[in-house]
Each structure stands twice: as structure tokens, then as C-alpha cells.
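This report covers the overall build of one protein chain and then a few of its residues.

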Amino acid sequence: VLRPGGKVAICTYGSEFRSVSTLLRNTIAKHNTGPSARNANEGVLETVEQCVNCLADAGFQDIRTASEELGYYYPTIEAYWEEDVLCSMRRIPLDKLDPVTAERVRIEHFEEMKAFVRDQGIWRAVPTLFAVGLKAG
């Protein structure tokens, strides 16, 4: 329960953050013979406009927004695979594949990840979006 004049805040990530997960999910789907995995990004707020609309539709006023371009580097493609894939929920559909197919997915995904290679390593963009609204009343 939020009293009149109270604030609510949203913090989420822009679509660029999810682009790597989408690439991997699509590569897995090409090789998966079982049921399709649910789209984990369905219904996610990915733009400042979506955040504003969400707050406005819920009756919040005086909505303020901000964004910040954040990110980080993985030193190698193997470090990315270990930390971002194998140690996350992205591993679940991968584990359902047989070992040969899983390796094929890994190799194909490494090719896709070349687009994110920089001098410092594998760049993981984290565009961060903020929206704050006041409850009317």
C-alpha cells in the first residue's frame, strides 16, 4: 500500500542488455527438438517510454526518468560462457540438449559473440533505465 504522495520507482535494463540472451536462446531453439522455451523477455520493460506508460497507467503522476549507459567486460569468450551462461538460468535449456548438440550451440554462439569483442574483452552492455512517479491524491 502506498499513501498519496508516496513514490514508486522502476529500474530496468534496455533491450541491448537482453540481446545476447536472445541470440543464445535463438541458437538453442534452432537445435532443440523439444518444446520451445518460454521467452524470458516477454512483458519486460525495455524503454523509458514503457516505464513512463506503466506508471501513468497505474495512476502515478510527476513521473521523472533517467538512464545510464553501464556495462562490463569479460576477459575472454570462455569467461563469458562460464559466468554468463553456465552459471545462470540460460544454462537450463542448454542442459536439455545432448552433449554433441550443446557443443554445436556453444561454437555457433561464440561466432555470434564476435560482434561484442573489444580490445578489453567481451563487452556486455547494461543500459540502465530509471523512472519515479508519485501516487496521486
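Helices here are DSSP runs of H or I with at least four residues, numbered from the N terminus. The model is a predicted one. By that assignment, D84 belongs to helix 3, which covers residues 77–86.

**Chain as a whole**

Five helices and four strands make up the secondary structure of the chain. Their order along the sequence is β-α-α-β-α-α-α-β-β. The radius of gyration is 19 Å, well over the 14 Å that the globule rule gives for 137 residues, so the chain is more spread out than a compact globule. The C-alpha trace spans about 60 × 40 × 20 Å along its principal axes.

Of the 137 residues in the chain, 31% are buried. The accessible surface amounts to about 8500 Å², and carbon and sulfur atoms account for 54% of that area. Among contacts between residues at least 6 apart in sequence, 84% join residues at least 24 apart.

**Helix 3 and D84**

The buried residues of helix 3 are I77, A79, Y80, W81, D84 and V85. They pack against helix 1 (15–31), strand 2 (60–74), helix 4 (91–95), helix 5 (99–113) and strand 4 (121–135).

D84 counts as buried because its relative accessibility is 4%, under the 20% cut-off. Which side chains make polar contacts with the side chain of D84? One is that of Y74, at 2.7 Å, and another is that of R90, at 2.9 Å. With residues up to four places away in sequence left out, D84 touches Y72, Y74, A79, R90 and R124.

**S21**

S21 is located in helix 1. Its relative accessibility is 12%, so S21 is classed as buried. Outside the four neighbouring places in sequence, S21 is in contact with R90 and R124.

**L55**

Helix 2 (residues 48–57) contains L55. L55 counts as buried because its relative accessibility is 4%. Beyond four places in sequence, L55 touches V8, I10, F60, I63, A131, V132 and G133. For L55 and V132, the C-alpha to C-alpha distance is 8.1 Å, while 77 residues separate them in sequence.

**D62**

D62 lies in strand 2. Is D62 buried or exposed? With a relative accessible area of 56%, D62 is exposed, because that value is over the 50% cut-off. Its phi is positive, at about 50 degrees, although D62 is not a glycine. Most residues other than glycine have a negative phi.

**Accessibility of the residues discussed**

The table collects the relative accessibility of these residues.

| Residue | Relative accessibility | Class |
|---|---|---|
| D84 | 4% | buried |
| L55 | 4% | buried |
| S21 | 12% | buried |
| D62 | 56% | exposed |

Terms used. Residues are numbered from 1 along each chain as its sequence is written. This is a predicted model: local features need pLDDT of at least 70, side-chain atom pairs count only at pLDDT 80 or more; totals for chains, interfaces and linings use all residues. Side-chain values use heavy atoms; hydrogens and water are left out. Helices (H or I, at least four residues) and strands (E, at least two) are DSSP runs, numbered from the N terminus. Buried means under 20% relative accessible area, exposed over 50%, partly exposed in between (1.4 Å probe, protein chains only). A polar contact is a pair of N or O atoms within 3.5 Å; within protein, one must be able to donate a hydrogen and the other to accept it, and residues adjacent in sequence count only if both atoms are side-chain atoms. Contact means heavy atoms within 4.5 Å. The radius of gyration is taken over C-alpha atoms; the globule rule is 2.2 Å times the number of residues to the power 0.38. Accessible areas come from the Shrake-Rupley method with a 1.4 Å probe; for residues, only the protein chains shown count as cover.
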